[in-house]
Every structure is written in C-alpha cells, then in structure tokens.
Amino acid sequence: MKTTFNLPQKAGRNGLGAGVWNLGPGNDPFGGPTREAIPILDRLPILAQAGMTYYEAHDVEIPASQVGAARKRAEEVGLQCGMYTPSFFADPIFKDGAMTSNDLAIRKLSLKNALAAIDSAAVLGASTVVFWNGREGFDFVLTKNGQEAFKRLVEGFNLVGQYARERHGTSIRIALEPKPNEPRANMYLATVGEVLYLISRLDPSHQALFGVNPETAHSRIAGLDYLWDVEMCLEAGKLFHIHLNSQDGQRYDQDLPFGYTEPLKDLALLVVLQDAGYENILAFDIKAPRTDEPKHIADIIEVSAQNLVWLWERALAVDRAVIHQLREEKRNTALAGYLGKCLYGR
Ligand code: GLC
Ligand code: MN
C-alpha cells in the first residue's frame, strides 16, 4: 500500500479526499466511455492506493442499501467517508431541478432523498453532506419564478436543517456548493456570495449547520477569483469543505488536476488556508481524462495530491513578514513577484 498524502502542520483533519465519481469510464457529452466502468465499491481500494484518506460519494453511487457494504469495504482499505451527497441531477426526474422544480411531487421527492442522505451520511461516518446546485436553475427565462424558486430553496433547506439537527445534533453539517452554469444555462446559487445570502435567509436556529463547499473550477467558470471566494467563506465562518481542481478559464467544467493551471494563485490560497488554521477536509473534485488508460486511471489523483503537498510546503515557507512589508510599501507588483520567487523556488 502506498503511503497516504499528508499536509505538514495542517490544523484539524489531515489527509486528502476524492470522489468515487472522479474515477469514471471517460464519457463526455460527445462520446461514450473509453474505459470499462469500475464498480463503485472497487474504486475505494484505488483511492486508498493513490494515497487518499477520504472518499466521497453520491446517493446514486452508494445507495442506502449499499451503505453497510461501503462502510465495511472502506474500513478494510483504510478509507473514511469524507462527504456524502444526494444527487439532484442524475435521475431524469430531476431534469428541471429538485428543490426548485415547479412540480410539488418532485420537490417532495427531493426532500425525501435529502433526508435519506443525511441518515446515510451518519451511518457512513461522514460529518459533511454537500448539496451541489446541479439542475437547480433554468435554461429559458420565465420558466420558473425566481423569487418563488429562492423561497423553495429556503423552505427546503430549513426542513433539511431541522431534520439533521433533530436526528443527529451537530454531528452532520451541510455544505452548499455553488456553480454558475452547466448543466443548466443559468443556475440558482451560482456563486459563493449567493450561497452565503441564502444561508443568511434560513431560520436562524438552523444557520449554524449550513456552510459552503467552494470549488476552484466553479469560481473560475464564473470569472471570479477563487481565493476571494474562499476568503469570503472564512470571513463568514462558513468554510465547511473544499473541492480543489483547476480550470482553463471560462469554458465548460474541466475538473483538471489541482495545481495545473494557476499554481501561483493556488500557492496564495494555501497561504490563506494555513493562516486561517483551516481544520476541515481538503478534497479533490477532478475527472480522470478519457485519454488515460484504465491502469493509469488514478494518475489524476496522485498528480493533484503531489502538486498540493509541494505547494503546501512552499506556502509554509512564504515569509508572511515580507508580504506585510510589501503591502505597507504599497508594492503590489513586487508582492506578486515575491510569490513567484516562492513558487519557482528561487
Ligand atoms: C457533481 C458535481 C460536483 C459536486 C458533486 C457533489 O459530481 O460535478 O462538483 O461536488 O456532484 O454533489
Ligand atoms: Mn465539486
């Protein structure tokens, strides 16, 4: 067994995580799979072998009936469930949204699935349940009433929060994950700012259970700076989970290896996380490219983890006093240069 990746001096939970969906068969909207699909539970040993400590899964990947088997398999390979999430996007019934669907029966089904996911997460030992906005949104204007849709989200999450608190106290926390578009043309909860606004509108007695899972690529697709998105979550005390990857600018969601496209900004991100004493899990949301051979399917996990560990070590070596001094001297460009010096190891 390979050694697991760890981040020196990280506060709180150490080790890294990745999703079982990251090891898919390589299909994209233009072509079918290029590899045989690996049964979900067989992906756990691959993640462990690639040096992960945590795995993450959707309810459609590990349904309630499989939770016991997943727990056992994970224990055998030394993995913990870092996060569990209800899929509000895979089943065609959710084609026009789940909590924001115009169809009451579909909204009820989504609530039922959400509550079941909370209980499954507890059995799996996951302390975080993520809600990605998925298909909550619209492709054509006026097909939903936006104000109504927002109210449905508030009502839905209030019920989820109430259930989680009654059943599990504070042991399960809920992290909402924003994305601006894809699969929908326009998505509700498009940005970290929108998610924080939604949380501020929840019943105050449930708000503490809700936070954010910001993903690098999702901020960059929106043309926003990921570091500022993360800083906003930190300022609000709402950075519950993190999905790291990278992205070539504003285009379709790529889920590229962490550290590949904007390493200098990733370095700055790690400086901020270190200084904030970020205690929760760092996980990757990356996609094994369809060009990778089956036997190399975990390359993307290992490349991301290695980049992260190297950047983390470089971030520890960044002299905070130099940053402070350059800020005082109003030398913004020189500060960018100092980060480059740290990144390039000079
Ligand atoms: C989907 C999304 C991903 C999200 C995950 C969990 O796979 O692409 O960004 O984190 O679901 O809901
Ligand atoms: Mn994600």
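Colleague: Where does Pro 183 lie?
Modeller: Pro 183 is in the loop between β6 (173–177) and β7 (186–187). Strands here are DSSP E runs of at least two residues, helices are H or I runs of at least four, and both are numbered from the N terminus.
Colleague: What kind of peptide bond joins Glu 182 and Pro 183?
Modeller: A cis one, with omega about 15 degrees. Most peptide bonds are trans.
Colleague: Before we go on, what are the ground rules?
Modeller: This is a predicted model, where local features need pLDDT of at least 70, side-chain atom pairs count only at pLDDT 80 or more, and totals for chains, interfaces and linings use all residues. Residues are numbered from 1 along each chain as its sequence is written, chains are lettered from A and ligands numbered from 1 in the order in which they are written, and side-chain values use heavy atoms, with hydrogens and water left out.
Colleague: OK, the ligand. Which residues surround ligand 1?
Modeller: Trp 21, His 58, Thr 85, Phe 89, Trp 132, Glu 177, Glu 215, His 218, His 243 and Asp 285. To be near, a residue needs a heavy atom within 4 Å of the molecule.
Colleague: How does that shell divide into nonpolar, polar and charged?
Modeller: It has 3 nonpolar, 4 polar and 3 charged residues. Ala, Val, Leu, Ile, Met, Phe, Trp, Tyr, Cys and Pro count as nonpolar, Asp, Glu, Lys and Arg as charged, and the others, Gly among them, as polar.
Colleague: And how far is a polar side-chain atom of Asp 285 from an oxygen atom of ligand 1?
Modeller: 2.9 Å. For Glu 215, a polar side-chain atom is 3.1 Å from a ligand 1 oxygen.
Colleague: New topic. Is Asn 245 buried or exposed?
Modeller: Asn 245 counts as buried, because its relative accessibility is 0%. Buried means under 20% relative accessible area, exposed over 50%, and partly exposed in between (1.4 Å probe, protein chains only). Asn 245 is in the loop between β9 (242–244) and α8 (263–276).
Colleague: How far apart are Asn 245 and Asp 285?
Modeller: They are 40 residues apart in sequence, and 5.9 Å apart in space, C-alpha to C-alpha.
Colleague: What about phi of Leu 142?
Modeller: Phi is near 70 degrees there, a positive value in a residue other than glycine. Leu 142 counts as exposed, because its relative accessibility is 84%.
Colleague: And Asp 255, buried or exposed?
Modeller: Buried, because Asp 255 has 12% relative accessibility. Its phi is also positive, about 50 degrees.

Methods. Polar contact = N/O pair within 3.5 Å; in protein donor to acceptor, adjacent residues only side chain to side chain.
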